[in-house]
Number of protein chains: 2
Amino acid sequence: MPGVGPRPESPEEPPAQEVLLLAAAYVSDAQYNRNVPFETSPRAIRRYYFYNNWTMRVAIYFFICVDLSLALFEEPALFPLPFLATSVAEVICLTAFCGRLVHFASITSRVVFWKDTKNICIMVTIVLTLIDLIIYGSLEAVHIHGVRWSRALRPVFLISCPESRQIRRAFRSIRNTLPDILYVFLLFLFSVLVFSLMALKLFGDRGLRTAEGAPYFTNILEIAFELYVLVTTANSPDVMMPAYNVNWWYSLYFITYIIINTYIFMSVFLAVVYNNYRKHLKNEIRKLAYLKRHKMIEAFNLLKVQVGTEFVVKEATWRQLAKVVAPDISSSHLELLLRISDEGQKGHVDKMNFLRLADLLNIQVVTVNIKRHPLESWVPWIYQSSASLLVQRMVRHRIFVWIYDIIILINAIFIALDEKNPFISCAEWLFLSLYVMEILLKLYTYEPTAYFGRRQFWNWFDTLIIIAALVATVTNTSIQSAKKYNSQQILDIVLILRILRLLRVIVSVQRFRVIVTTLMNIGPTMLTFGGLVFVVYYAFAVIGMEMFHSKVHFFDPNFTTPDALVCGNPALKGSAFARDRYCKNNFNDLASSFIVLTELTVVNQWHVLAGGFALVTHQAAKLYFILFHAVVVILVVNIFIAFILEAFFVAYSLEKSDIETAIEKKIQELGVGVQEEDVKDRKLTENMDTKDGSFSREDGDRRRTALKGLYCRIASKKYRTVDALLQRMFESEIAPEDEGPSLDEILNLSPSDIYPKSPNFENSA
Amino acid sequence: MPGVGPRPESPEEPPAQEVLLLAAAYVSDAQYNRNVPFETSPRAIRRYYFYNNWTMRVAIYFFICVDLSLALFEEPALFPLPFLATSVAEVICLTAFCGRLVHFASITSRVVFWKDTKNICIMVTIVLTLIDLIIYGSLEAVHIHGVRWSRALRPVFLISCPESRQIRRAFRSIRNTLPDILYVFLLFLFSVLVFSLMALKLFGDRGLRTAEGAPYFTNILEIAFELYVLVTTANSPDVMMPAYNVNWWYSLYFITYIIINTYIFMSVFLAVVYNNYRKHLKNEIRKLAYLKRHKMIEAFNLLKVQVGTEFVVKEATWRQLAKVVAPDISSSHLELLLRISDEGQKGHVDKMNFLRLADLLNIQVVTVNIKRHPLESWVPWIYQSSASLLVQRMVRHRIFVWIYDIIILINAIFIALDEKNPFISCAEWLFLSLYVMEILLKLYTYEPTAYFGRRQFWNWFDTLIIIAALVATVTNTSIQSAKKYNSQQILDIVLILRILRLLRVIVSVQRFRVIVTTLMNIGPTMLTFGGLVFVVYYAFAVIGMEMFHSKVHFFDPNFTTPDALVCGNPALKGSAFARDRYCKNNFNDLASSFIVLTELTVVNQWHVLAGGFALVTHQAAKLYFILFHAVVVILVVNIFIAFILEAFFVAYSLEKSDIETAIEKKIQELGVGVQEEDVKDRKLTENMDTKDGSFSREDGDRRRTALKGLYCRIASKKYRTVDALLQRMFESEIAPEDEGPSLDEILNLSPSDIYPKSPNFENSA
């Protein structure tokens, strides 16, 4: 127990339960970067805890999923359901969102609630959806087919989740970038128009024909579209060939166009998007850091008592608070945090240390168990026998890894060979048993819980792939021998699993592992971009389905009836769309629409798709495709690239420098932290063994007694996300006594404030 | 004359002419960032001045041009010349390069000479070219056709020019990036191979056919090539359609592939290239800054005399030195620089101020002449009459600009209309005369030398376009009326000029002007990328011509003989190359090769080109195209994007912050600098008038007497190049008394030294 130092007299009462709960709410808001400043009445606090309860959050996610998946059941549907069923489901979802919003309003101050755009968005969307439902329903009742336009707004609910902060940020980024991008886009369009005029004058009167025999560059609108497509490079060099065939010099026109519009303008788009992304990212990080500081100060002010000349929080109060905020914390972990916060063991925590509480709770301290191998405890005479030790040394040896790398490569060659050969299908069994043996040998050598540790990604990967392959192969063989036929699905899975095993070679090459590790670290944040793309795709898919459904039909590719050759629509006769057999690229259901949109994102041949759908509807339909290109390829993809660039730069600067917060330093000083290091040459498990082993033997003993056997590692990978890292960098720059601007100022921070007045060499370069 | 302050006694003699010349050489090296440390003997100095003489430099550029253009005359040639002629020309060029190198060696210390890779490159290239010439010549003599492989090395001479520093830097960037990029590339290839194996197993046995009826995914090498093409998106979605037609789920395979390989890996390539570019850019800038400091200290040490306790350079010596370094400097300009360097007018310049000399000479001080309009001096009674003043007020008014913007838009509509109409061709004359009138009116209102000032880009643009259009239209009309036929060339020029006039609208929209200004500022550096691309293209074009010349022939597009339809090569029968009529995309001469390479850079349809040339030679020829893609699209284009991003970020941070060096501050203090500002709302000329006008009237008078009528503006746009700006930023960070590391250390600086030990928030974000 602490309290060895002189304990000052504290005349005050322990804080009331309500005050403690309120303070705990502030702290947990700060800990999770939640943005819920609330009222201080006891009822509001209870509502706050209920609002943040995990069941409520799961429920709301469930309703969001239901609402979004309704598109699968509405016309044009994958699985059709009557309108009544889907509309009832939708109304239930809307009620749930409404309830959640009312709940939120009841725990938030009015100013903050109405200042938050996402609340207003939710309200507007709910109202619009209801209006749309009523209109559509009444039209349906009199058998007029209406348009369910409000379905495109459904992703708003997903965006408004508290956990979708990254998606909202990306959208804010887009919104903030719009004014800048708009002028570049207008200039770009102007340039396209000027070039179109030139093309019309230069090539319009020559009677040239394209390779398909169509007239070449005779209509200004068609020229503008062709040149817009050329920016995306999708019709290069076909669009140039007729002119180039006439005269060598005309190619200069197209090359100039490509340099200006494709290379320079597209780079400028990336530069503008990236610059804005970076600027706003920094601003938001700063906002979050100040908000956190603000909330912690509020919490401190609630709990402080005066000791001597300064205000502090008593140790007992601190302990109670931590227990409320993190009910699952182990008592030894709590003890460690207290030791860090109350360095001099004075029996109370001062303001500066108190402000750190949220960060302290965020550090995942992993208790390191230096366990012996279970076999060593059960059958030590066998496990420690010389034969067993030899096996263990063999497995730990580098040559063991090499042998298995060679086996994998041989396996790859066998896979590439024809599997009809019975010898090769026998070899497959051999390889499987070799892999199983490897895992068993490793489990024999290394401690199993360490081998399957939380961070041992590749061990998990290995084992799961092998077990799945084993199960699938056995199933397949038994089906085959029992029913004399191959199940194509199971066979496909077996094949993919078999090939995925080859990925293990990556682990053996250190440089590969570094790249893959970096990619996996930014993986979770990349998934939020999946969310952003999903939201945009969903809206466009709904619009696309309304515009184009049932215009194009897919027939079996072996059909060669005239109808099948033009995708069931005579308008497509002779078009590139039909010639390339793109009939399955249609908007007839949600899944197909998503695939078409993916193809449009990849850009190539998008003009063929746009041309096809324009033929079956109207030329103006091309605008839908141009809009999609501008939004997804110019904005979303560039934000994605900006994000990857930023993440890589942060990862690079992290590699070179060693940023440690004061907290981690203190954990290090207390000697209980084993900072995880990048493992360079050895397998992860090996490294962990030796590291922990040496630690316990050499200098651990003294501290073991002091801290009752708690050994912690900081799960430092957490900091490898761009967000967390940037926030940490910024926090290390605000002085500890800086209380930050007022809440109102924080909410109104603008990115232009953040610019350094005189950038230095390192910054701007 | 200065010298008002107390002038200390200087017992030393004035420096000898040779010492002065040597010091001047150091200073001018520092001024132009030349990298020629030399010996100190008088003959070496004379050789140094001879080496840097402009005639010598022009001569060497001439020889480089001749050498490079030889490819136009050698087989396969645009303009064939006998081998003897081209080889004699080449030997002459080689002799010139050799002489230049010997000259350079004679003024450089041996260590520096041999340390410089470019010297060794030149020597190796000269030797290799000679060997190649001899082998080829002797083979030719016995009528065996050899390969002139050394022609691909010719760009080495261009790269080695002292003025090609940016190209060399880009190449160094590429070389330094290679190790990092190589592992990512290998991992990427590994991923492509794993996916190829999967595709072979999943789709190989199904007997699927592509839209053209070819077997689908049956050969592992073909699959790997198709998947590599898919990374460049050139065959999307065609490559997916057969599998997608079979089953919806197979599209997931392709989408996964595209996400991993196209989006993530390509972004990682950009991130790696950009990161390395940035790192090495900073390192080189630092090197340059230290070298400059080093040279200036050498110069100071040569000229210093002791006054009291410190070493200084006497004013007379300083004056002589400046005259030698910059012979064209005006005496009032010199006086200004002296006033800045010798602040206290003590009659000598101390070390710190002396070190700045190179920077001072680099500042382009533009003398601002506040002239009156010539008409005002000649015929004041007319020019100042109320009618004349009204005209001037009208022209200066904003509405005048708007009227002309409307005229331009109307003109655009007329251009888009059919010009066969006689009314419209009359309108063209009307527009022309309106534009001429506008220029005349402006010249009447604004002072002509100010209107055609050096920085008035748009005025020049206007006038030149209008004059050219006038000349071309008149020529065209006179030819037409005299010979009754239209010259197509002149007509094309007239058309283009007519449309270029529309660009003037850009000037009227301020946001457009800002974007265009930024682009024009980074324009010159972008041209150096043109150099880089030229070098790479040249090498690939020479190789391509050796491999593919005369394999494909171009026939008139109206020919429909079977031979013309397969580009004169039966191997192309039924290929996509022939179907798309790509016959003119061939390697039959240098110009065609360059255009094919441009098309390959744009990426789309590159697999069709590669496939075509593989059919007429060998499947292995695809490697040439894959290599080109890896080098140009993955490396060069990414470096280009990195450069644009960097340039934009520097421009952005420059916009927000106000970096002024001490020198400029001093010019401002002396009140003679009129810092040029971004003109926001008014036309450039207007702004200049008022600005300068008010300056001369308000507080200029007092200083006019003091500085003998010299009014200067700092041509600050010079600093808007990334290089100059970064160098300035870095220099402001080294302390004035810091002498930098030794010359040897400077030359060995590595980018890893530059990384900040603990990056701060602004840096890494």
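**Reading helices, burial and backbone**

Modeller: Helix 25 of chain A and helix 28 of chain A are roughly perpendicular to each other, a label given to angles of 65 to 115 degrees, whereas angles under 35 count as roughly parallel, over 145 as roughly antiparallel and the rest as oblique. This is a predicted model, in which local features need pLDDT of at least 70 and side-chain atom pairs count only at pLDDT 80 or more, while totals for chains, interfaces and linings use all residues. Residues are numbered from 1 along each chain as its sequence is written, chains are lettered from A and ligands numbered from 1 in the order in which they are written, and side-chain values use heavy atoms, with hydrogens and water left out.

Biologist: At what angle do helix 25 and helix 28 of chain A pack, and how far apart are their axes?

Modeller: An axis is a line fitted to C-alpha atoms, for helices over the stretch in contact, and the angle runs from 0 to 180 degrees between N-to-C directions. Helix 25 (residues 510–548) and helix 28 (residues 590–602) of chain A pack at about 115°, with their axes 9 Å apart. Contact, meaning heavy atoms within 4.5 Å, is made by residues including Phe534(A), Tyr538(A) and Met545(A) of helix 25 and Leu590(A), Phe594(A) and Thr601(A) of helix 28. By class, this contact of helix 25 with helix 28 of chain A has 9 nonpolar, 3 polar and no charged residues; here Ala, Val, Leu, Ile, Met, Phe, Trp, Tyr, Cys and Pro count as nonpolar, Asp, Glu, Lys and Arg as charged, and the others, Gly among them, as polar.

Biologist: How many helices and strands does the secondary structure of chain A come to, and what percentage of its residues count as buried?

Modeller: Helices (H or I, at least four residues) and strands (E, at least two) are DSSP runs numbered from the N terminus, and chain A comes to 36 helices and 5 strands. Buried means under 20% relative accessible area, exposed over 50% and partly exposed in between, with a 1.4 Å probe and protein chains only; of the 765 residues of chain A, 53% count as buried. Helix 13 (residues 331–341) of chain A is mostly covered, with 8 of its 11 residues buried, among them His333(A), Glu335(A) and Ile340(A).

Biologist: Is Leu202(A) buried or exposed, and which residues does Leu202(A) touch?

Modeller: Leu202(A), which is found in helix 8 of chain A, is buried, with a relative accessible area of 4%. Not counting residues up to four places away in sequence, Leu202(A) touches Tyr253(A), Asp492(B) and Ile496(B). The C-alpha atoms of Leu202(A) and Tyr250(A), 48 residues apart along the chain, are separated by 9.0 Å. Asp205(A), in the loop between helix 8 (165–203) and helix 9 (220–231) of chain A, counts as exposed at 55% relative accessibility.

Biologist: Where in chain A does a cis peptide bond join Ser236(A) to another residue, and what is phi of Ser550(A)?

Modeller: Most residues other than glycine have a negative phi, and most peptide bonds are trans. A cis peptide bond joins Ser236(A) and Pro237(A), with omega about -5°, and Pro237(A) is found in the loop between helix 9 and helix 10 (241–246) of chain A. In chain B, a cis peptide bond joins Ser236(B) and Pro237(B), again with omega about -5°. Phi of Ser550(A) is near 65°, a positive value in a residue other than glycine; Ser550(A) lies in the loop between helix 25 and helix 26 (562–565) of chain A and is partly exposed, with a relative accessible area of 42%. Phi of His143(B) is near 60°, also positive, and His143(B), at 73% relative accessibility, counts as exposed.
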